[in-house]
Amino acid sequence: MTTIGIIGAGEVGSQIARAAVANGYEVVIANSRGPETLENLVAELGPSARAARAADAAEAGDFAVVAVPLKVVNDMPVEELAGKIVLDTNNYMIWRDGHIPVIDSGEKTVHELRQEHLPTSKVVKAFTHIQAPRITIAGRPPPAPPTGWRYRPRAITRKPLSS
């Protein structure tokens, strides 16, 4: 079974974990406060999920999701993410992340900087244009129509325009 290492258990990371578990993946999820603070989330996710530190989540994953803001000083587990595909969900927000001059100047994008932080990983941008709650509801098939329901096409009639 494929395991996803998720670094970041906030709004986006937890929704990705919910969607992954619902679709048959195992999840190892981490946050900045430590695995013990994720007990409720892991209980909600069930037996396919466990909490860990960021380096352990990165190492356990066949691929990883980084769902934390970008920092100028790299704090990602580079060695544990080496050779892996890393889905980066970050959207740069000055009010949250502070000013990052190399991004503000247009010299680099957020994802180019993340790739520099993880030089031996393959970093791809993902989930940056979807609201977190939609991760678990978008893409589902519509509910089945009520029993006995049939499509009945109606004839289109045109009325002459009044002059």
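A nonpolar core is here a set of buried Ala, Val, Leu, Ile, Met, Phe, Trp, Tyr and Cys residues joined through side-chain atoms within 4.5 Å. In the predicted model, the largest such core has 17 residues, of which I6, A17, V27, I29, L45 and V65 touch the most other members. At least two residues of this core are supplied by each of β1, α1, β2 and α2 (39-45). Helix α1 gives the largest share, four residues. Another core, of nine residues, lies apart from the largest one and includes I7, A58, V86 and V123.

The protein chain contains seven helices and six strands. Read from the N terminus, its elements follow the order β-α-β-α-β-α-β-α-β-α-α-α-β. The six strands form an open sheet with parallel pairing, arranged as β3-β2-β1-β4-β5-β6. At the edges of the sheet are β3 (49-51) and β6 (122-125), each of which pairs on one side only. On average, neighbouring strands of the sheet are turned by 20° against each other, direction ignored.

Within the sheet, β1 (residues 3-7) and β4 (residues 63-66) run parallel and are joined by four bridges. In this pair of strands, I7 is placed opposite V66 of β4. Helix α7 (residues 110-117) packs on the sheet and touches β4, β5 (85-88) and β6. The direction of α7 makes about 160° with that of β6. Helix α1 (residues 11-22) lies across β1, β2 (26-30), β3 and β4, and runs at about 165° to β2.

With residues up to four places away in sequence left out, S14 touches G8, A9, I29 and L41. One of these, I29, is also among the residues that touch the most other members of the largest core. L45, likewise listed among those core residues, is in contact with A17, R18 and V21 when neighbours within four places in sequence are set aside.

For the protein chain as a whole, buried residues account for 36% of the 163 residues. The accessible surface amounts to about 10,600 Å², and carbon and sulfur atoms contribute 54% of this area. Of the contacts between residues at least 6 apart in sequence, 55% join residues at least 24 apart.

Key: Residues numbered from 1 in each chain as written. Predicted model: local features only at pLDDT ≥ 70, side-chain atom pairs only at ≥ 80, totals over all residues. Heavy atoms only, no water. Pairing = 2+ DSSP bridges. Axes fitted to C-alpha atoms, helices over the stretch in contact; angles between N-to-C directions. Contact = heavy atoms within 4.5 Å. Buried < 20%, exposed > 50% of the residue type's maximum accessible area, 1.4 Å probe, protein only. Areas by Shrake-Rupley, 256 points an atom, 1.4 Å probe, with all protein chains shown as cover.
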